[in-house]
Amino acid sequence: MATGSDKPIPTATFETRPYWEGCKRRELRIQRCAACGHNQFFPRLYCTRCFSDRIEWIKASGRATVSTFTIVRRPVSPAFADDVPYVVALVKLDEGPTMMTNIVGCAPEQVAIGMAVRVTFEDWSEEIAIPKFEPA
Ligand SMILES: [Zn+2]
């Protein structure tokens, strides 16, 4: 029988380590380009707007709006069997970037496009905390 510990846990890389360190400290970090001011997520080595490598990390507000979502009723693997039904959503951060995430803290049927949400974190290991969003 699979358990939650069987879930695939992300591994921090050179590009993503500041992001995961932030999550562990309950800070949602995104990148800002020092050359053009563009905010981006997920982490990259270069700005996706101007290709500068002058990338800085900033703490995002954690506030976002649900852009779209789906309710997962059949688990993608036995490791997620205890989680269904759950919500997979795209949320637009107040700072601009879009994140794929889960909406938690309410029934899946209560999630709606345009809903205001805020970040919360779920510890999956000693190094990794997963950002999820809940009704604001
Ligand atoms: Zn840029």
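1. What percentage of the 136 residues in the chain is made up of buried residues? In this predicted model, buried residues account for 17% of the 136 residues in the chain, where a residue counts as buried if 20 or more other C-beta atoms lie within 10 Å of its own.

2. As for the overall architecture, the chain contains one helix and eight strands, and reading along the sequence gives the pattern α-β-β-β-β-β-β-β-β.

3. Turning to overall dimensions, the C-alpha trace of the chain spans about 50 × 30 × 25 Å along its principal axes. The radius of gyration of the chain is 16 Å, which agrees with the value near 14 Å that a compact globule of 136 residues would have.

4. On contacts along the sequence, if one considers those in the chain between residues at least 6 apart in sequence, 51% of them join residues that are at least 24 apart.

5. Helix H1 covers residues 17-24, and within this helix Tyr19, Gly22 and Cys23 are buried. These residues lie on the same side of H1, because they cover an arc of only 100° around the axis. The elements that cover the buried residues of H1 include strand S1 (29-33), strand S7 (116-123) and strand S8 (129-135).

6. A further detail concerns the backbone that follows the helix: just after H1, arginine 26 adopts a positive phi of about 65°, and a reader looking at the structure may wish to view this residue together with the buried residues of H1, namely Tyr19, Gly22 and Cys23.

Definitions and conventions: Residues numbered from 1 in each chain as written. Predicted model: local features only at pLDDT ≥ 70, side-chain atom pairs only at ≥ 80, totals over all residues. Buried ≥ 20, exposed ≤ 12 C-beta atoms within 10 Å, placed from the backbone. Helix = DSSP H or I, 4+ residues; strand = E, 2+ residues; numbered from the N terminus. Arc of directions from axis to C-beta. Contact = placed C-beta atoms within 7 Å. Rg over C-alpha atoms; globule rule 2.2 N^0.38 Å.
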